[in-house]
Amino acid sequence: MNILISKPDSLGDQLIATGYVQQLLEAFPESRIIWHVRAGMEVVADLIPEASCFDLNLQGDPVVEARRLSLLPLGQIYFLSYPLHPLNDWNENTTDHVLWWKALIGAVSWDMAISPMVNRSWLSDMTVALSRAPKRVGFKKNETYQLFTEHVAQMLEVEEPYFTKEIPSSLEESEYTQMERLFCLFLQERGDLSPDIKIDVKSAADTSDKKVALIAPGVGENLERAWPIENFLQLGEVLRGKGFRLVWIEGPGDGSTFKDFPEKFKAEHKILSTNSLHTLSSLMKKASLVICNDTAYAHLAAALNRPTVAIYGAGQEKRFFPRRGKVKVVHGVIPCRNCQWFCQFDYRACVKDIPLQSVATAAETVIDKSDFTPLRVDISPPLNEKVEISEKLREKMQQNTVTGSWESWSRLQVLHEAAYRLQNCLIERAELREKIKDLEGK
């Protein structure tokens, strides 16, 4: 049996889904699960004993590559990355990549295809639709649904419905709960599903040092969603005062966070590459405390069962709170919460303005009392005067912002496409004129 999973989103999202995919393999041991991710996310395979990466020959014939996929041993999960990103601009390379991908997916005989994307993207929808699997499952459209452009749908010869079965989606409900509801369609006989990940034994060996705190302040390039690095540095001094040895983690894409990192802490600073997830998990497993933002670091620490303090803003409310492990969330709450990070203000106060003392207190309760109850911190909107934002107004503003942004992106794609076609027409017209001149000259 061939099962296709298309989930081209972030690392944290892959970790949320991993436990459920493992249970899917347990339920269908005579299957091969091909897990489509965007480039770089295939590193999750390093943590899973029954998983490996499949390297496509992008210069080769996609039908030949499809045959190679179909010959892989059963009873395994194979991560398949591909250089398409659902938010990148459309250009000539994108068209070539899409057509190659269409040929690859269409040349495999799929038994089922799954899109575990609550925020549906054109890339995941397209991949599942192209599979032609008799059972194609995904979430219903919500406000963040990313539209296909008409030209793309025509080029790929796909028509709605992309899925044979859709289940409700929510921008407020826990991501774990929604993943569970999706995979329950295939695992109904298993009863309650678990979000826990069965991690490679080598990385799961517990050799924790009771006086090591691992601090991961990075959030990739999106610094607006991060608790300030200055606060992390001050918190580090508080932990040093309690006798902790610190390890500062800089992951791929975290360079902006560490741009002005103090030279005196160089010995504590670990820089990890894209393929260092196994190294990161080993470092985490040796720590007795992890401090991080709302990132994949929090979900990995949860999977490894490490005592963790994770700092969350209110952009997506409680939707991505870890639902396993030992994670205490320090949660900034603001009247304009659940904006999907389309902030109405100059900066994201819901995370930036969380006081240092609140996070330090959370760390103390984790260390001294093993208390992992979420800590709510009320934040005032960054307004010149204190005003009350009514629920009705808040919801309307957010709806317009979120929907408008995605619609704008779709329209932008149409404009990019039109400009690209026009450019090609002008080039062809100029070449034709030159040929006419040559003929006239003869």
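**Burial, salt bridges and the sheet**

Trainee: Is Gln23 buried or exposed?
Mentor: Gln23 has a relative accessible area of 6%. Buried means under 20% relative accessible area, exposed over 50% and partly exposed in between, with a 1.4 Å probe and protein chains only. At 6%, Gln23 therefore counts as buried.

Trainee: Which pLDDT do side-chain atom pairs need in order to count?
Mentor: Residues are numbered from 1 along each chain as its sequence is written, and side-chain values use heavy atoms, with hydrogens and water left out. This is a predicted model, in which totals for chains, interfaces and linings use all residues, local features need pLDDT of at least 70, and side-chain atom pairs count only at pLDDT 80 or more.

Trainee: Which backbone oxygen does the side chain of Gln23 reach?
Mentor: Gln23 lies in helix α1 (residues 11-27); helices (H or I, at least four residues) and strands (E, at least two) are DSSP runs, numbered from the N terminus. At 2.5 Å from the Gln23 side chain is the backbone oxygen of Ser194.

Trainee: Which residues does Ala296 contact, leaving aside neighbours within four places in sequence?
Mentor: Ala296 and Asp13 are 283 residues apart in sequence, yet their C-alpha atoms are 7.7 Å apart in space. Contact means heavy atoms within 4.5 Å. With neighbours within four places left aside, Ala296 is in contact with Leu11, Gly12 and Leu15.

Trainee: Which residues touch the most other members of the largest nonpolar core?
Mentor: A nonpolar core is a set of buried Ala, Val, Leu, Ile, Met, Phe, Trp, Tyr and Cys residues joined through side-chain atoms within 4.5 Å. The largest one has 62 residues, and those touching the most other members are Leu24, Phe79, Phe183 and Met284.

Trainee: How many residues are in the second, separate core?
Mentor: Beyond four places in sequence, the contacts of Met284 include Leu214, Val290 and Leu304. The second core is separate; among its members are Trp227, Phe244, Cys336 and Ala360, and its size is 35 residues.

Trainee: Which residue meets Glu166 in a salt bridge?
Mentor: A salt bridge is a side-chain nitrogen of Lys or Arg within 4 Å of a carboxyl oxygen of Asp or Glu, and by this rule the count is 18. The N to O distance for Glu166 is 3.2 Å, and its partner is Arg120.

Trainee: How many residues apart are Glu166 and Arg120?
Mentor: The two are joined at 3.2 Å, N to O. Glu166 sits in strand β7 (residues 165-167) and Arg120 in the loop between β5 (112-115) and α4 (122-131), a sequence separation of 46 residues.

Trainee: Is Arg120 buried or exposed?
Mentor: Arg120, Asp125 and Glu166 are linked in a network of salt bridges. Glu166 is partly exposed at 31% relative accessible area. Arg120 has a relative accessible area of 2%, so Arg120 is buried.

Trainee: How far apart in sequence are the parts tied together by Lys242 and Glu364?
Mentor: The closest N and O atoms of this salt bridge are 3.7 Å apart. Lys242 is in the loop between α8 (229-241) and β9 (245-250) and Glu364 in helix α12 (residues 356-369), so the parts tied together are separated by 122 residues.

Trainee: Which strands stand at the edges of the sheet, each with a single partner?
Mentor: Two strands pair if DSSP finds at least two bridges between them. The open sheet of 7 strands runs β3-β4-β2-β1-β5-β6-β7 with parallel pairing. One side of each edge strand has no neighbour in the sheet, because each has a single partner; these strands are β3 (51-53) and β7.

Trainee: What angle does the direction of helix α3 make with that of β4?
Mentor: Axes are lines fitted to C-alpha atoms, for helices over the stretch in contact, and angles run from 0 to 180 degrees between N-to-C directions. Strand β6 (residues 135-139) is joined to β7 by 3 bridges. Helix α3 (residues 92-106) packs on the sheet, touching β1 (2-6), β2 (32-38) and β4 (76-82), and its angle to β4 is about 160°.

Note on methods:
A polar contact is a pair of N or O atoms within 3.5 Å; within protein, one must be able to donate a hydrogen and the other to accept it, and residues adjacent in sequence count only if both atoms are side-chain atoms.
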